[in-house]
Amino acid sequence: MHNFFVKSHGLGNDYIVLNQDEIGFELTEDAIRRICDVHFGIGSDGILLKVPTFHANFGLRILNPDGSEAEKSGNGLRIFAKYLHDYQFAKSRKFTIETPGGLVQAEIIKEKNGKAKTVRVDMGKAIFSSTKIPVNCEKEECIDETLHLEYRDYPVNCVSMGNPHCVIFTENLDEKEVKTFGPQIETNPFFPNRINVQFVKVISPTEVEAMIWERGAGWTLASGSSSCAVAAVAVKKGLVQKCLTVKMPGGSLQIETDEHWNMRMTGEVSEIASGVLSRELLAELS
Ligand SMILES: N[C@@H](CCC[C@H](N)C(=O)O)C(=O)O
């Protein structure tokens with residue numbers, strides 16, 4: 001077993017890619033937490049595990065740094081698509097990937113020195129049904145509902161991109177507010193599977209700014225599924241047009257919404273490092 005890894009980022013949202021066929025250890029919750037730890041491991045916002053599938057060209061599991069599993073990840077999918085292209089698993093520029101949150105189509109749009117640079121992913125449908133997200137809301141859809149926290153209330157808009165999201169519009173984006181209330185919203189009993197949280201400021205009909213608190217990961221510099229969630233809700237509320245730029249602290253993504261709520265995301269990805277997990281680390285994992 002090679003125990004080979006690749007670490008890449010999409011707008012500063014960084015992932016370690018591992019291939020299940022090439023790792024000689026069990027990826028337990030403890031192992032995930034250790035590998036993602038910035039001091040005791042490699043450090044990352046999560047692990048992307050290439051797994052076998054019969055339903056698509058490639059299979060992907062997405063593991064959060066707290067050891068939990070996510071159904072989907074937008075930046076994760078673009079990073080995984082780059083890995084499949086750059087390490088010659090994919091034989092063409094367009095291919096399908098199965099995630100626990102549904103099947104997606106990925107396309108390598110631009111290359112630099114033979115490596116994928118810009119990747120587009122058809123992320124699937126934005127789903128507004130409260131039961132499907134899931135959110136404990138009595139209404140069929142959870143749009144402009146009030147979430148009561150201990151010290152304040154927020155008007156929330158919920159949507160699933162395969163994984164659950166809670167979008168909050170604001171006039172002032174404040175990192176401290178996101179880091180204070182993000183974890184309280186993520187773990188509020190209103191959201192039975194926890195939730196990803198986006199604070200959003202509308203700049204113009206074609207541009208918004210967002211700050212993210214991710215389920216199982218915390219503060220991240222960007223999030224692809226969050227960007228799709230933000231775009232879907234903002235289009236639904238008539239705040240923006242169907243081609244939207246979502247600006248986050250780590251960079252921007254282009255999001256398109258079609259008439260059936262299919263969300264398409266385009267943006268850059270870069271590799272940071274590749275290598276082999278040391279025997280010393282692996283011995284401590286078992
Ligand atoms: N960074 C991701 C989202 C990763 C999954 C998320 N933490 C969850 O638990 O749903 C993205 O780019 O979409």
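**Salt bridges**

I started with Lys7, which forms a salt bridge with Asp14; their closest N and O atoms are 3.3 Å apart. The model is predicted, and I read every distance here as computed from it. I looked up the accessibility of the pair and found both Lys7 and Asp14 buried.

I then asked how many salt bridges the structure holds. The count is 16.

Next I went to Lys82 and Asp86, whose side chains meet in a salt bridge at 2.7 Å, N to O. Both residues belong to helix H2, residues 74-86, and because they are 4 residues apart there, about one helical turn separates them. In general, an α-helix has 3.6 residues a turn, so residues three or four places apart point the same way. I noted that Lys82 is buried and that Asp86 is buried too.

For Lys139 I found a salt bridge with Glu145, with 2.8 Å between the closest N and O atoms.

**Helix H1**

I listed the buried residues of helix H1, residues 29-36: they are Ala31, Ile32, Ile35 and Cys36. Viewed down the axis of H1, these buried residues fall within an arc of 120°, so they line one face of the helix. I then checked what covers them. The cover includes strand E2 (13-19), strand E3 (47-51), strand E4 (58-63) and helix H5 (279-285).

**Ligand**

I counted the surroundings of the ligand: 15 residues, the closest being Asn13, Gly74, Glu214, Gly224 and Ser225. An N or O atom in the side chain of Asn13 lies 2.7 Å from a nitrogen atom of the ligand. For Asn163, a polar side-chain atom is 2.9 Å from a ligand oxygen atom. In the case of Ser225, an N or O atom of the side chain is 2.5 Å from an oxygen atom of the ligand. I looked up the cover as well: on its own the ligand has 360 Å² of accessible area, and the protein covers 100% of that.

**Ala70**

I placed Ala70 in strand E5, residues 69-70. Its relative accessibility is 7%, so Ala70 counts as buried. Setting aside neighbours within four places in sequence, I found Ala70 in contact with Ile62, Asn64, Pro100 and Arg215. I also took the C-alpha separation between Ala70 and Gly162, which is 8.9 Å for two residues 92 apart along the chain.

**Backbone**

I looked at the peptide bond joining Ile133 and Pro134 and noted that it is cis, with omega about -10°. Pro134 sits in the loop between strand E8 (115-125) and strand E9 (145-148).

I checked two residues other than glycine for positive phi. Asn3 has phi near 50° and lies in the segment before strand E1 (4-10). Asn3 is buried, with a relative accessible area of 8%. Asn113 also has phi near 50°, and is found in the loop between strand E7 (102-112) and E8. Asn113 is exposed, at a relative accessible area of 76%.

Definitions and conventions
Residues are numbered from 1 along each chain as its sequence is written. This is a predicted model: local features need pLDDT of at least 70, side-chain atom pairs count only at pLDDT 80 or more; totals for chains, interfaces and linings use all residues. Side-chain values use heavy atoms; hydrogens and water are left out. Buried means under 20% relative accessible area, exposed over 50%, partly exposed in between (1.4 Å probe, protein chains only). Contact means heavy atoms within 4.5 Å. The arc is that of the directions from the helix axis to the C-beta atoms. A residue is near a molecule or strand if one of its heavy atoms lies within 4 Å of it. A polar contact is a pair of N or O atoms within 3.5 Å; within protein, one must be able to donate a hydrogen and the other to accept it, and residues adjacent in sequence count only if both atoms are side-chain atoms. Accessible areas come from the Shrake-Rupley method with a 1.4 Å probe; for residues, only the protein chains shown count as cover. A salt bridge is a side-chain nitrogen of Lys or Arg within 4 Å of a carboxyl oxygen of Asp or Glu.
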